[in-house]
Structures are given as structure tokens and as C-alpha cells.
Amino acid sequence: MKLSFFLILFGSVLVVCDDILEDSRLTTTELLRKYGYPAETHIVTTEDGYILELHRIPNPGKHVVFLMHGMLSSSADWILMGPNVGLGYMLHDLGYDVWMGNARGNRYSRRHTSLNPNLSTFWAFTWHEIGTRDLPAKIDYIVQITGRSAIHYIGHSQGTTVFWVMASEVPSYNSRILSMQALAPAAYMHHTRSPYVNGLVMWLTTTTMALQVMGVHDFAPTDQMNRVGGQDECRDGAPTQSMCYNEIFLLAGYNSAELNTTMLPVINGHSPAGASTRQMIHFGQVTRSRIFRQYDHGPVMNQVHYGQLTPPQYQLQRVTAPVYMYHSFNDWLAAPEDVDLLFRRLPNVRVKHLVSMMEFNHLDFVWAINQRTLLHEHVVRNMRAREN
């Protein structure tokens, strides 16, 4: 009896492990289909030639929601934690037509009509171009395909940053937003507590020059070798697993209660998903200058690009779409003080919601075990209110 029970238990563990390993290497659409959800891939080309993938969990004719990931992430963020947790699954179950974006430069959007991604010219962009070029192209496409004149937008971290850029630089798009649900909203970063970000800010000039000298223009997505390494080093029982979750905590804030460590190989398989080094440098510049403004090329090149010695500030008073903000006390990147400043600068914030768990961190907004009850139910309630 005891031996039979042990064999059944051991077999169950092997199935779970196989599932984890498989999920770490599947694409976003493959993950959706594995768990019984419909999945579509759509291709959008921006006016400056970047070829972007959109992933859809279709519910034709229903309210449309567009989800935009954060820095170094991809559409997978919204589903990789599984059907009982991921926001993408939940929204589809509730009847929404779910679209998930991928920023230029991540694993799903590393193509261009003429530029070679192996050359620096492909990577000459920051999150400014994601906001002014990528988002308008995707929203135009979604509106055209669905016939919906206004859509819900949900962004996490950089996914909110690019929205502020779009809505201030191309303000006509405010009218196409039924609601903007901002998770861990990022614009001002005066009070960041992450040693990674503070280290970048301290050595910003040196780091920028070093990357240029070495010809490093992008953060590459996780490859097969690193994916296998992550599976071995981050799995349950591995003596090195603590290194995997401590890297997350040093970036986002400590919260062991909400991190499903069994899923670390899956997280490692999908993140980082790739980005330009200029995106990270741009955040460093904003943190150092304490001004939410465009990329700083230096006085001479600023004069060329902008016609002035310093970068133009983003005019947040132009962001007239209805905004719902969700933040947390233990967010080491989008600190409460900085969220408060953003709240005061935006003209149409309907709700500013503090997550009830004090330890909730920056990445818990997409990876937390209990994100549905702590966060998603509030988001959906506010979306429903805009639909009535």
C-alpha cells in the first residue's frame, strides 16, 4: 500500500515537472492552445518599418482589451502562470476579446522591412518609439479588425510608460481608450529602491559609453542554452534556486509569499524577452534627471533631434483618457511617492488603488500567486463600470 502510494505520488511529480519544462519552451500561442484556449497571431507593421506580433485570445464581437507588457517582457507575461492565475485567461473567460502586444525588439518583434536586427541601426529606439509608433499601429489594427471604436488598455510597468508617451505625444488616441488600467505605473522614478536601477543611475554615463564601445545595443531574449540552465538552476530542490528568486526580489522588492518558486523555470524561459539597451538607459536618465522627458542624446545631438539643448518633457496634461491606477507599498521600481506624483500630474485619474498586501512587489502584478483576488477583481470591476 505504501509503495503504491509512493509510486503514484512520484509519477504525479514527474508529470508536474514535465509540464513546467514544456511551458518554459512553448510560445505564447502554444501555451494558450495547450490549455484549451483559442489563439491567433497577427502581424502589424509600423510606419517606420518594425514588424510586430500581436497575440489574440479571440472572443469576436465582445468588448476588446489590449494588454501591454513591461520592460524585457512579452505577451507571455499575461498567461505564463497558468489558467487559474493569468490575467489573459481570466479576461477571456469573462467574455473579453483579448489582445496582447509585443514591443519592438522582443522575441516576437525582432523583424524590420529593411533593417537588420544584427546591426545597431535596428536598435536605435527607446520606449518613446514604442509609445509613438508601436501602440498607435497596434490600436489602429485592433480597431480595424474588431470594429470597436474604443478599447480597454491594461499596461504593466513600461506598458504604462509607453501609454503616457502615446497619449501625450499623439493625443488623438485618448478618444480610442475606454479605460486605461495602469498596473505599477511608471513615469517618475525618484524613489526607486532597486539596487540594480540605482547602480545603473550611479554609473549611467560610464555604462552608456561602455555599451557603445562594446557594440552592445540590445538585451537578447532567453536562448535555448539559458532556458535549459534556468530549468536546472531554478527548479524545486536545486541548491541554486534561491539565487533565481533573489534576483527577482532585488529588482522588484521582497515578497516570498506570492512567488510560486515551482514556476521559476517557466519565468526564466520567457523572461528576459529582449529589448534595446536604450530603453534601460532612458529609464536611468529619467531617474537621474527627475524629469519625465524624451531620450537625452547629449546637448549637441539634442539640438539636432529636438532643436534645443535638453530633451522635451512629456505633457501629461494631454493624457485625457480615463485612468485607473494600481500600485503597491513594496514596489521597488514604481514607488508610492512616485505614483503619487504621477497621480497629481494626470488630469483624469478615476481611481488610485493601493494593493492590500503590504509586501506586494513590482512583478507580483503579473506573477503573484493570488493576483486574481488581490488585483484582477478590482481591475475587472473598474472596466465593467466604464462599459455601463
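## Confidence of the model

This is a predicted model, in which the protein chain averages a pLDDT of 92 and 93% of the residues score at least 70. Among the elements of the chain, strand E4 (residues 97-100) has the highest mean pLDDT, at 99, whereas helix H1 (residues 2-25) has the lowest, at 57. Over residues 5-16 the pLDDT falls below 50, and this stretch has zero contacts in the model beyond near neighbours in sequence.

Phe 329 lies in the loop that runs between strand E10 (323-327) and helix H13 (336-345).

Leaving aside residues up to four places away in sequence, Phe 329 touches Arg 193, Pro 336, Leu 354 and Met 358. The C-alpha atom of Phe 329 is also separated by 7.7 Å from that of Val 355, a residue 26 places away along the chain.

## The packing of H6 and H11

Helix H6 (residues 195-202) packs with helix H11 (residues 277-289) at an angle of about 80°, their axes being 9 Å apart. Since angles of 65 to 115 degrees count as roughly perpendicular, H6 is described as roughly perpendicular to H11.

On the H6 side the contact is made by Val 197, Leu 200, Val 201 and Met 202, and on the H11 side by Met 280, Gly 284, Thr 287 and Arg 288. Taken by class, the residues of this contact comprise five nonpolar, two polar and one charged.

Notes
Residues numbered from 1 in each chain as written. Predicted model: local features only at pLDDT ≥ 70, side-chain atom pairs only at ≥ 80, totals over all residues. Heavy atoms only, no water. pLDDT = per-residue confidence, 0-100. Helix = DSSP H or I, 4+ residues; strand = E, 2+ residues; numbered from the N terminus. Contact = heavy atoms within 4.5 Å. Axes fitted to C-alpha atoms, helices over the stretch in contact; angles between N-to-C directions. Parallel < 35°, antiparallel > 145°, perpendicular 65-115°, else oblique. Nonpolar A, V, L, I, M, F, W, Y, C, P; charged D, E, K, R; others polar.
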